[in-house]
Amino acid sequence: MSTKLFEGIVFGPVNSRRLGVSLGVNLLPSEGKLCSFDCIYCECGYNAEHNMDRRMPGRDDVRRALEDRLSSMRAAGERLDVITFAGNGEPTLNPDFGGVIEDTLMLRDIYFPDVKVSVLSNATKVWDDSVFDALCKVDNNILKLDTAVDSTFRALNVPSNPELTVARQIEGLARFGGKFILQTMFVKGMHNAGVIDNTTDVEVAALRDAVAFLKPESVMVYSIARDTPESALSKVQRPELERIASVLRETGVPVSVY
């Protein structure tokens, strides 16, 4: 299926189903993808499809691009709810991530003091103290855990580090002491002649136990809404997402369905 990359450093704003009017920031290559996962549902495609460009924007480049856009948006009286770090891969892989977050918070306070700063991350870099400290400063620290079953983790998220396990992922998330938002993508289908389905009772029970242990501020439950590199995946419909959410709510943690 058709997938796409985000062009430039700052993109949008777009209407996000989870965050509102969102101005995106891409800290990864503008003509390539760089990620520590190779998720089979990623709207940017597989890593190998876009590995020709590994150049990432520097801190000064990001600050200038973001200030230009925020300044013009304020002058035009445009609405903005959130500044969101996402883009062509894993934003925390940019070596200037910590400094960029500092600059972004400063610019936000100048131009749109009521706007939230969000980071969408797969949480693979949370053991890096500079990344951890930066994520602790943002308003919405949104971290991924699509499954608490190791075999599904490897098939669905395809981590670049073969030694990375779900247990290690959960251990990293626990560093935040619950000060984060957990996001979980649910999908069904086939991949490499194997069944992919993280909606089963076993899967949902394992995720519920992880949520009970981590106690995040909230959980975002959603399914695919755009094209995916694996064509044999299907969207999980809202009634099933609501069923899953009801199980996760047994932990006492607020759960939203998108």
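1. Among contacts in the protein between residues at least 6 apart in sequence, what percentage join residues at least 24 apart? The figure is 73%. Keep in mind while reading on that this is a predicted model.

2. On overall build, the protein has 7 helices and 10 strands. Its radius of gyration is 18 Å, and since a compact globule of 258 residues would come out near 18 Å, the two agree. Along the principal axes, the C-alpha atoms fill a box of roughly 50 × 40 × 35 Å.

3. Now the surface and the charges. Of the 258 residues, 53% count as buried. The protein exposes about 11300 Å², with carbon and sulfur atoms supplying 49% of that area. There are 29 positive and 36 negative side chains, and the centres of the two sets sit 3 Å apart.

4. Thr92 is worth a click. You'll find Thr92 in the loop between β3 (82-86) and α2 (97-111). Is Thr92 buried or exposed? Thr92 counts as buried, because its relative accessibility is 2% and the cut-off for buried is under 20%. The Thr92 side chain makes a polar contact of 2.6 Å with the side chain of Glu90. Leaving aside residues up to four places away in sequence, Thr92 touches Phe97, Ser121, Lys125 and Val131.

5. Next, Asp128, in the loop between β4 (116-121) and α3 (129-137). With a relative accessible area of 27%, Asp128 is partly exposed. Its side chain has a polar contact of 2.6 Å with the side chain of Ser130.

6. Most residues other than glycine have a negative phi, and most peptide bonds are trans. In this model, the peptide bond from Gly12 to Pro13 is cis, with omega near 10°. Pro13 belongs to strand β1 (residues 10-16).

7. Which loop holds Asn192? Asn192 lies in the one between β6 (181-191) and β7 (194-197), and Ala193 is also placed between β6 and β7. Neither is a glycine, yet phi is positive in both: near 50° for Asn192 and about 65° for Ala193. As for accessibility, Asn192 counts as exposed at 67%, and Ala193 is exposed too, with a relative accessible area of 76%.

Definitions and conventions. Residues are numbered from 1 along each chain as its sequence is written. This is a predicted model: local features need pLDDT of at least 70, side-chain atom pairs count only at pLDDT 80 or more; totals for chains, interfaces and linings use all residues. Side-chain values use heavy atoms; hydrogens and water are left out. Helices (H or I, at least four residues) and strands (E, at least two) are DSSP runs, numbered from the N terminus. The radius of gyration is taken over C-alpha atoms; the globule rule is 2.2 Å times the number of residues to the power 0.38. Buried means under 20% relative accessible area, exposed over 50%, partly exposed in between (1.4 Å probe, protein chains only). Contact means heavy atoms within 4.5 Å. Accessible areas come from the Shrake-Rupley method with a 1.4 Å probe; for residues, only the protein chains shown count as cover. Lys and Arg count as positive and Asp and Glu as negative; His and the chain ends are not counted. The place of a charge is taken as NZ of Lys, CZ of Arg, CG of Asp or CD of Glu. A polar contact is a pair of N or O atoms within 3.5 Å; within protein, one must be able to donate a hydrogen and the other to accept it, and residues adjacent in sequence count only if both atoms are side-chain atoms.
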